[in-house]
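Please give a short report on this protein model.

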Amino acid sequence: MQAKQELSWAAIGARLKANRFFLYWFIPLTFVCALSLTYSVPTYYVCSTSLSTEEMSAIADGRSFTLNHPENYDLGLGPLRYSITPDDYDEVVESTEFICKVLATPVKTEDNSFEGTYYEYVIRHYRKSWSEACKQWLTRGEAYQADAQLPELDAFHPKGVVATAIARAKKSISCSINHQTKLVTLSVKAQDPLVAALIAQATSKALDQFATDYYADKTEQIYQQLQAQIALTRAGYDEALRTGDNTRAAMLHDACASFERQAIVLQAQKLSNTKFTTLKNVTVPTGPAGPKHLATAIAVTMIVLVLTLLVIYRREVFSLL
């Protein structure tokens, strides 16, 4: 029977002493390399804002007719539904057309080193990380001159610099929705705190404008259908009176009155332009969100140190196992 090998601290010390020169230069070099790589990753700031949809505000106020509930309007044609709901706002924010509108937003940096559109900022004032620079070099990405005139934004045929700007903006702007409370949270990540706040505010306004225009168009369609239904019902009511069908005339009279009340409510709701209630206002972030350069470098160094010691003492470790 083979005797169990005991751990010899003297052997461990001798092995460590024999490799001390390797550890003396390898571990500090690892720390310096890790710190250099992490510091090449630009520091970024995150700004967020929370919006409550008009739909939830209407439910809280106890209103029965809202622009977000077209099924409340009984046109005798079955329930009406919009093709978009608050649950779809994340797809709206991620669309290329929406991003192009945000890219046209005027911005400036906190230190006043840049002032222009967000489109110009993500192209001319964007600091790439070492991984992005390596990827661009390996894929032979399109290079552009800093003083060259940028092409116009094209949401339908984005190419070259425009496609790069759209991709960077989509990576920086995110929209999350709580499907139970319909709470919309917009987050913007930028390398400058003031730019992050300005773009978060611009994204919020652009989304509110999109919802306003969308529901205004749809509401106008419903209103026109109501007016057509009212005219049709009145004609049927007059015809019933001429033929002496009092029962049908009474039913059409009540239906016409219902349609007219809905038209009055709908006309009043068309005057309301606000589709969101801001629950969390946009503020300039005071501190960076990441990355933590020193902490990352220390963590990487410790992991490399542990792996190096395992390689040096692999015989002792395997004997214990």
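Rings of Phe, Tyr and Trp (its six-membered ring) pair if their centres lie within 6.5 Å. The model discussed here is predicted. A search of the whole structure finds five aromatic pairs. A pair of aromatic rings is described by the distance of the centres and the angle of the planes. Two of the pairs are set out below.

| Ring pair | Centre distance | Plane angle | Type |
|---|---|---|---|
| Tryptophan 25 and phenylalanine 26 | 5.9 Å | 90° | edge-to-face |
| Tyrosine 118 and tyrosine 121 | 6.3 Å | 15° | stacked |

Planes over 60 degrees apart count as edge-to-face, and planes under 30 degrees apart count as stacked. The planes of tryptophan 25 and phenylalanine 26 stand at 90°, so this pair is edge-to-face. Those of tyrosine 118 and tyrosine 121 stand at 15°, so this pair is stacked.

Tryptophan 25 has 47% relative accessibility, so it counts as partly exposed. Phenylalanine 26 has 23%, so it is also partly exposed. Tyrosine 118 and tyrosine 121 are both buried. These two tyrosines are three residues apart in helix 6 (residues 118-124), so about one helical turn separates them. Ring pairs also tie Phe114 to Tyr118 and Tyr121 in a cluster.

Four strands form an open sheet, in the order 4-5-1-6, with antiparallel pairing. At its edges are strand 4 (173-178) and strand 6 (276-280), and each pairs on one side only. From one strand to the next, the twist averages 25°.

Strand 5 (residues 183-190) is joined to strand 1 (residues 45-53) by eight bridges. Threonine 49 has leucine 186 of strand 5 as its bridge partner. Tyrosine 45 stands opposite alanine 190 in strand 5. Six bridges join strand 5 to strand 4, and these two strands run antiparallel. Here serine 176 has threonine 185 as its partner in strand 5. Strands 4 and 5 form a hairpin with four residues between them, and lysine 182 takes a positive phi near 65° there.

Which residues make up the covered face of strand 5? They are Val184, Leu186, Val188 and Ala190. The uncovered face has Leu183, Thr185, Ser187 and Lys189. The charged end of lysine 189 sits over the ring of tyrosine 44, 4.9 Å from the ring centre.

Helix 9 (residues 193-243) lies across strand 1, strand 4, strand 5 and strand 6. Helix 9 runs at about 145° to strand 5.

Methods
Residues are numbered from 1 along each chain as its sequence is written. This is a predicted model: local features need pLDDT of at least 70, side-chain atom pairs count only at pLDDT 80 or more; totals for chains, interfaces and linings use all residues. Side-chain values use heavy atoms; hydrogens and water are left out. Two strands pair if DSSP finds at least two bridges between them. Axes are lines fitted to C-alpha atoms, for helices over the stretch in contact, and angles run from 0 to 180 degrees between N-to-C directions. Contact means heavy atoms within 4.5 Å. Buried means under 20% relative accessible area, exposed over 50%, partly exposed in between (1.4 Å probe, protein chains only). A charge sits over a ring if NZ of Lys or CZ of Arg is within 6 Å of the ring centre and within 35 degrees of the ring normal.
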